[in-house]
Amino acid sequence: MIDIQLLRKDIDVVVSRLADRKFSLDKTTFLSLESERKQVQSRTEELQAKRNQLAKAIGMKKAKGEDASEEMAESVAVNQELQTLTEKLTVLQSQLNDFLMNIPNIPHESVPTGQNENQNQEVLKWGEIPQFNFPIKDHVDLAAPLGLDFDSAVKVTGSRFAVLHGQIARLHRALGQFMLDNHIAVGYNEVYVPLIVNADSMRGTGQLPKFEADLFKVPRKVGGDDQDADIEASYENFYLIPTAEVPVTNLMRDTITVAEDLPRKFVAHTPCFRSEAGSYGRDTRGMIRQHQFEKVELVQITKPEESMHALEELTNQAESILQKLELPYRKVLLCTGDMGFGSTKTYDLEVWLPAQNTYREISSCSNMGDFQARRMQARFKVGQGKPELVHTLNGSGLAVGRTGVAILENYQQADGSIRIPKALQPYMGGLEFLKA
């Protein structure tokens, strides 16, 4: 959530910066709500002062044995109006909060202006694109003889799920462990977190209210009894996590951390669940876009002045996994029109997929600034100073399934076998090839 003071101070600048990311801020609605809030708040403060004066006057008259009935009657009227305005002010503040909740983050000044992915800036390319002297197969054809099974998943659940058997299951497990070990080795603290979170957690990191259609909702009955028809049941919504960013970042919600304990660095390996409501049939073949997939997620909590350096560090750590696996990739700085809702600056890492003859996203590393921290009230304090909002960052380090896809396609052999990258072989029991 952006700082409301920015809108109050210079709304036109905010409107302009948000227009760069294709968001039209409803200036009229905000100014109307803010004007009404000011009037109500001003009148509320006047009535509070009047109530205090009347209370003092009533006390003095009673102490002298004088009649205070006129002041008492006026006090009743003041309290009634004050109660009405207090309730109205609460409603207005809630409306302003809801308004702010749907505004994306403001892009950092270093982010290039652009309308879509075509205006993203390529920062670097790493690795040699493999050349093949035989027909290239995609990961589905390569992995099917090795244990990739979509038919069973359709029977058990439905489309966009997969069952992994044997060697493919082992590859998948090895990749997750390989990533975890490498991130832990450079100072990330491994955490195991719930896969179901409450609505407050989703709001804290920005998935709610804007992206509810992309989430798997889990309603839970919290009231009533099947044997008591007179008691009406109610439901509380929980959600399957779309990324470990949600539970991990929310570990800092409603906390004040001492400055000396920053930065905090977390890594978590979890399943992720996404409805892909807006995908409209894209990537229906294979494992590129699944409803359930796994990621190793990196999260950092930093002081504001350190967050841009932390973004470079976090992104480099995600890159190190691709480099150790010797997978060709490119690093892209997203333009304003292609950034995520809560991000102030984002790098995408895109791995080369031979069967598609292109680079595809395998990691997105973002600095959220204080956008999430303001929602979560995640703060830090220097000495006895006033608490300040932390900055939050996150990035995939990496998406496990897509990394497996990249290995299958980049390391395929003429006979259909898959050569295992040297760095991964110890995690595969010394195995050098996957063979049907």
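Guide: Two strands count as paired if DSSP finds at least two bridges between them, and by that rule β1 and β11 pair in the antiparallel sense over five bridges. The model is predicted: local features need pLDDT of at least 70, side-chain atom pairs count only at pLDDT 80 or more, and totals for chains, interfaces and linings use all residues. Residues are numbered from 1 along each chain as its sequence is written, and side-chain values use heavy atoms, with hydrogens and water left out.

Visitor: How many helices and strands are there in the protein?

Guide: Helices (H or I, at least four residues) and strands (E, at least two) are DSSP runs, numbered from the N terminus, and the protein has 11 helices and 18 strands. The C-alpha atoms fill a box of roughly 105 × 60 × 40 Å, taken along the principal axes. Of the 436 residues, 47% are buried, where buried means under 20% relative accessible area, exposed over 50% and partly exposed in between, with a 1.4 Å probe and protein chains only.

Visitor: What is the order of the strands in the open sheet of eight strands?

Guide: The order is β1-β11-β12-β13-β16-β10-β9-β4, and the pairing is mixed. At the edges stand β1 (121–126) and β4 (189–190), each with a single partner strand, so one side of each has no neighbour in the sheet.

Visitor: How many of the residues of β10 are buried?

Guide: In a regular strand the side chains alternate between the two faces of the sheet. β10 is mostly covered, with eight of its 11 residues buried. With β9, it pairs in the antiparallel sense over 10 bridges, and Q292 of β10 is the bridge partner of F273. Seven bridges join β10 to β16, again running antiparallel, and I301 has T392 of β16 as its bridge partner.

Visitor: Which strands does helix α6 lie across?

Guide: Helix α6 (residues 166–185) lies across β4, β9 (264–273), β10 (292–302) and β16 (391–399), and it runs at about 5° to β10. Angles run from 0 to 180 degrees between N-to-C directions, and axes are lines fitted to C-alpha atoms, for helices over the stretch in contact. Helix α11 (residues 400–410) also packs on the sheet, touching β9, β10, β12, β13 and β16, and its direction makes about 35° with that of β16; contact means heavy atoms within 4.5 Å.

Visitor: At what angle do α6 and α11 pack?

Guide: Two packed helices are described by the angle between their axes and the distance between the axes. For α6 and α11 the angle is about 115°, and the axes are 10 Å apart. In the contact, I168, H172, L175, G176 and M179 of α6 meet V400, G401, T403, G404, I407 and L408 of α11.

Visitor: Where do the axes of helix α1 and helix α2 cross, and at roughly what angle?

Guide: The axes of helix α1 (residues 4–19) and helix α2 (residues 27–63) come within 12 Å and cross at roughly 115°, and this crossing of α1 and α2 is left-handed. The residues that meet are I4, L7, R8, I11 and D12 of α1 with K27, F30, L31, E34 and R37 of α2.

Visitor: Which residues of α9 are buried?

Guide: An α-helix has 3.6 residues a turn, so residues three or four places apart point the same way. The buried residues of α9 include S307, A310, L311, L314, T315, A318 and L322. Helix α9 (residues 307–324) has 18 residues and reaches 26 Å from its first C-alpha to its last, close to the 26 Å expected at 1.5 Å a residue, that span being 1.5 Å times one less than the number of residues. After α9 comes E326, whose phi is positive, near 55°.

Visitor: Is D151 buried or exposed?

Guide: D151, found in helix α5 (residues 150–156), is exposed, with a relative accessible area of 66%.

Technical notes
Left-handed = near helix turned anticlockwise from the far one by under 90°.
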